[in-house]
Structures are given as structure tokens and as C-alpha cells.
Amino acid sequence: MSQPILVCEKLNKSYKKNVPVLCELDFVVEPGRIVGLLGPNGCGKSTLLKLISGLLQPNSGKILVCGEERSEKSNALISYLPERPYFPASMTVNAMMDYFADYYDDFDRALAQRMLADLEIDPKARMRTLSKGTKEKVQLVLVMARRAKLYLLDEPIGGVDPAARDYILKTIIGNYNPEASVIITTHLIADVESVLDDFAFIDKGKVAMCGNADEAREQHGTSLDNLFREVFRCSRNA
């Protein structure tokens with residue numbers, strides 16, 4: 001059996017004393033899977049991605065990336081898209097590609113250029129001239145053009161127009177290494193569930209439900225979107 005890409009064991013994270021964001025969270029991602037990390041605002045989705053990427057440290061628990069404990073070495077295996085754009089407004093798209101090419105040995109510039117052309121984004125454009133949705137597309141292209149083992153995408157389609165979502169989900173995500181895995185956080189479950197292999201519903205800092213997306217739809221006789229609404233309605237009424 002192949003080794004998991006990611007293993008999180010009993011993760012705990014608090015920003016303030018006695019206010020846990022993640023509580024004894026267990027989470028496993030197998031190779032070659034697109035996983036939806038789904039939950040309401042404040043449930044810990046973004047915090048979990050930041051822990052996996054090394055931007056935050058857990059209070060306790062363990063994170064394994066490709067079988068080894070998370071470290072600076074793990075950064076070479078992970079391609080992370082944060083929720084908010086982070087490049088200076090004065091930078092051009094070309095300059096951003098230069099930065100990625102200099103910083104990441106696995107950056108495939110030719111692939112990035114093809115995806116930008118498909119999205120009709122001018123590589124000479126400066127970030128300040130682009131719409132919020134287009135900035136998000138540029139950063140997603142850069143992240144997905146790396147030949148990483150694990151892609152962490154925090155709300156990748158939140159500001160993207162509906163007409164572009166299909167392209168982003170089916171084409172850009174389709175360019176990732178088939179031996180790698182992708183974790184997507186989003187509130188737009190109906191828009192992403194067609195590309196998901198697996199899912200995890202996060203509630204109150206824990207995994208409330210997880211599994212194979214197709215099997216869950218068959219077992220419950222409904223979409224992940226409807227199942228999500230049912231699970232969290234029950235949780236809020238508990």
C-alpha cells in the first residue's frame with residue numbers, strides 16, 4: 001500500500017489560552033487525491049493549512065508529509081495558495097513568474113504561461129491593474145505550475161466569476177502531478193464537488209465526517225452540498 005502524502009495526528013492549536021481552534025484533529029490524505037476540506041467560517045480550515053505549510057506551529061500533535069515529520073525540508077514538497085493575494089501591487093505577472101522560478105526548483109514556467117494564455121491574462125500586466133478575481137487566477141496558476149507533492153488551496157475560487165470556475169477546477173487542477181494530492185478549502189461546495197475524490201467536514205476544530213465523495217453520495221442519496229447542510233444543521237441543533 002502506498003504511503004500517505006499527509007498524516008495529521010491529534011493536532012491541537014489555540015490562538016488564545018483556553019480557546020482551541022483545532023482540537024485533537026486527525027486527518028489523512030492519500031496520493032493522487034483531490035480532497036475538499038469543508039466547513040463554516042471559523043472552523044479551523046485555514047489554520048490547518050497554515051500548520052501543514054509551516055506558517056504556524058501546533059500546540060501539540062504531529063504532522064507527517066510524505067512519511068516524514070513536517071520541517072523546513074517539507075516546504076519543497078508543498079505548494080500553498082493563501083486565501084488573500086500577497087504579491088506587491090507594483091509587480092507584473094512576468095515578475096511573479098521570475099520570483100517563482102528563482103525560489104522554486106520545481107516551477108514549470110512553460111506550464112504557467114500556457115495556463116495564463118488560456119485564461120487570457122497578459123503576463124506584462126501589473127497586479128494593481130487586475131481585478132480581484134484575476135489576481136486570484138494568477139496566484140493559482142503560479143501555485144499549480146509547481147511540481148509539488150501536496151497542493152494546499154485556501155478558497156481558490158472565492159473571488160472568481162462563475163464562468164471561469166469550470167476552467168479553473170477542471171483544467172488548472174487537472175495539471176497537477178497525478179502522484180500528488182490537492183486539498184481545497186471552500187464554502188462553494190456545489191461548485192467543487194464534481195472534482196473531489198474525498199472530503200472532510202470540519203466542525204469545532206475536529207473532523208465531523210470524512211470519506212470518499214462518491215461513496216458518501218451513494219450512501220446518503222444526496223450531494224455533498226446537501227449532506228454538508230444536513231450535518232451542520234444537526235451539529236448546530238445538538
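This is a predicted model: local features need pLDDT of at least 70, side-chain atom pairs count only at pLDDT 80 or more; totals for chains, interfaces and linings use all residues.
## The four-stranded sheet

Let's start with the antiparallel sheet, an open arrangement of four strands in the order S2-S1-S4-S5. The edge positions belong to S2 and to S5 (68-69); each has a single partner strand, so one side of each is left without a neighbour in the sheet. Strands of a sheet pair through backbone hydrogen bonds, either parallel or antiparallel.

Seven bridges hold the antiparallel pair of S1 (residues 6-16) and S2 (residues 19-29). S1 also pairs with S4 (residues 60-65), again in the antiparallel sense, over five bridges. Leu6 is a handy landmark here: it stands opposite Val29 in S2 and opposite Val65 in S4. Further along the sheet, two bridges join S4 and S5 in the antiparallel sense, and Leu64 has Glu69 of S5 as its bridge partner.

## The six-stranded sheet

The other sheet to look at is also open, with six strands in the order S6-S7-S8-S3-S9-S10 and mixed pairing. S6 and S10 (206-212) are at its edges, each with a single partner strand, so one side of each is left without a neighbour in the sheet. From one strand to the next, the twist averages 15°.

S6 and S7 run parallel and are joined by four bridges. Leu81 has Leu153 in S7 as its bridge partner. In a regular strand the side chains alternate between the two faces of the sheet.

## A helix that meets both sheets

On the four-stranded sheet, H1 (residues 45-53) lies across S1, S2 and S4, and runs at about 115° to S1.

Setting aside neighbours within four places in sequence, Leu150 is in contact with Ile5, Leu6, Ile52, Leu77, Ile78, Ser79, Ser181 and Ile183. One of these contacts, Leu77, is 73 residues from Leu150 in sequence, yet their C-alpha atoms are 6.2 Å apart in space.

## Pocket and cavity

Rolling a probe the size of a water molecule over the atoms shows where empty space is left. The largest pocket holds about 550 Å³ of space. It is lined by 23 residues, of which Asn75, Ile78, Tyr80, Tyr103 and Tyr104 are the closest to its centre. Strand S6 (78-81) and helix H2 (93-103) are the elements that give two or more residues to this lining. Sorted by class, the pocket lining has 12 nonpolar, six polar and five charged residues.

There is also one cavity of 30 Å³ or more in the structure, and the volume of the largest cavity is about 70 Å³. Its lining is made up of Leu81, Pro82, Glu83, Arg84, Pro85, Glu136, Gln139, Asp154, Glu155 and Pro156. By class, that gives four nonpolar, one polar and five charged residues.

## Asp106, a buried loop residue

Is Asp106 buried or exposed? With a relative accessible area of 17%, Asp106 falls under the 20% cut-off and therefore counts as buried. Asp106 sits in the loop between H2 and H3 (109-118). Not counting residues up to four places away in sequence, it touches Ala76, Ala145, Arg146, Arg147 and Ala148.

## Backbone angles worth a look

Most residues other than glycine have a negative phi, and most peptide bonds are trans. Lys10 has a positive phi of about 50° although it is not a glycine. Lys10 belongs to strand S1 and is partly exposed, at 48% relative accessible area. Asn18 also takes a positive phi, near 65°, in the hairpin of S1 and S2, where two residues lie between the strands.

Glu120 is another residue other than glycine with a positive phi, near 60°. This one is found in the loop between H3 and H4 (132-144), and its relative accessibility of 74% makes Glu120 exposed.

Definitions and conventions. Residues are numbered from 1 along each chain as its sequence is written. Side-chain values use heavy atoms; hydrogens and water are left out. Two strands pair if DSSP finds at least two bridges between them. Contact means heavy atoms within 4.5 Å. Axes are lines fitted to C-alpha atoms, for helices over the stretch in contact, and angles run from 0 to 180 degrees between N-to-C directions. On a 1 Å grid over the protein atoms alone, a cavity is a set of points where a 1.4 Å probe fits but cannot get out, and a pocket is an open set with protein on both sides within 12 Å along at least five of seven lines; lining residues have an atom within 4 Å of a point. Grid points are joined across faces, edges and corners, and a volume is the space filled by probe spheres set on the points. Ala, Val, Leu, Ile, Met, Phe, Trp, Tyr, Cys and Pro count as nonpolar, Asp, Glu, Lys and Arg as charged, and the others, Gly among them, as polar. Buried means under 20% relative accessible area, exposed over 50%, partly exposed in between (1.4 Å probe, protein chains only).
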